[in-house]
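Here is a short report on one structure.

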Amino acid sequence: MLIDKERATLLVVDIQEKLLPAVLDAEGMLARCRWLIAAAHDVGLPVVFSEQYPQGLGHTAPSLLAAAPGATVVSKLHFSCVASQCLPPELLQRPQVVVCGMETHVCVLQTVLELLAHGKQVFVVADAVSSRSQIDRDVGLQRMRDAGAVLVTREMVLFEALQVSGTELFRQMSKRYLVGAQPS
């Protein structure tokens, strides 16, 4: 199964200012997520941000919000976005959800498992998730894959959303995100 930008939404889970310093490769993860969010936004994939208890943990990193102007931001107390019932109807109406964020083994995992239980096709962007420890990240990814989520990379998301080369959109996206872009 491929990601279809007409049927998918990008869900960015809890990449918040006060949580970021605690995760593995925080700076690299932030850069990879910013790339993913900007590319998704530029190809027309809707973007939704969740925030876990923002009063205590702060808000989404500003550079991520700037990458998708006008994106929906929801707050929650449950670890799972589904359990908190905070996801907007536009996301829930689409059959595919592309997920990135943190922490892989807590909020990302619980959200993904519940999205799968609700019949969604879920794609977890493996190079755009993080946890405080490598083992938690690795086991979280394995558990999501075992449950039926599809592991993808940022470039897979971009190329599947584009579907075809030779278009003006492909040329623009290639210049912006592929040719000469700094790998993260």
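## How two helices cross

The model is predicted. Start with helices α1 and α8, whose crossing is right-handed. Helix α1 spans residues 26–43, and helix α8 spans residues 168–178. Two packed helices are described by the angle and the distance between their axes. Here the axes come within 11 Å. They cross at roughly 170 degrees. Angles over 145 degrees count as roughly antiparallel, so α1 is roughly antiparallel to α8.

## Where the helices meet

Which residues of α1 meet α8? They are W35, A38, A39, D42 and V43. On the side of α8, the residues are L169, M173, R176, Y177 and L178. By class, this contact has 8 nonpolar and 2 charged residues. It has no polar residues.

How many disulfides does the structure hold? The count is 0. C100 is in no disulfide. Its nearest cysteine sulfur belongs to C33 and lies 4.3 Å away. A disulfide needs two cysteine sulfur atoms within 2.5 Å.

C107 has its closest cysteine sulfur in C81. The distance is 7.4 Å, which is too far for a bond.

## Buried or exposed?

C100 is buried, with a relative accessible area of 0%. C107 is buried too: its relative accessible area is 6%. Both values count as buried because the cut-off is under 20%.

Notes. Residues are numbered from 1 along each chain as its sequence is written. This is a predicted model: local features need pLDDT of at least 70, side-chain atom pairs count only at pLDDT 80 or more; totals for chains, interfaces and linings use all residues. Side-chain values use heavy atoms; hydrogens and water are left out. Axes are lines fitted to C-alpha atoms, for helices over the stretch in contact, and angles run from 0 to 180 degrees between N-to-C directions. Helices (H or I, at least four residues) and strands (E, at least two) are DSSP runs, numbered from the N terminus. Angles under 35 degrees count as roughly parallel, over 145 as roughly antiparallel, 65 to 115 as roughly perpendicular and the rest as oblique. A crossing is left-handed if the near helix is turned anticlockwise from the far one by less than a right angle, and right-handed if clockwise. Contact means heavy atoms within 4.5 Å. Ala, Val, Leu, Ile, Met, Phe, Trp, Tyr, Cys and Pro count as nonpolar, Asp, Glu, Lys and Arg as charged, and the others, Gly among them, as polar. Buried means under 20% relative accessible area, exposed over 50%, partly exposed in between (1.4 Å probe, protein chains only).
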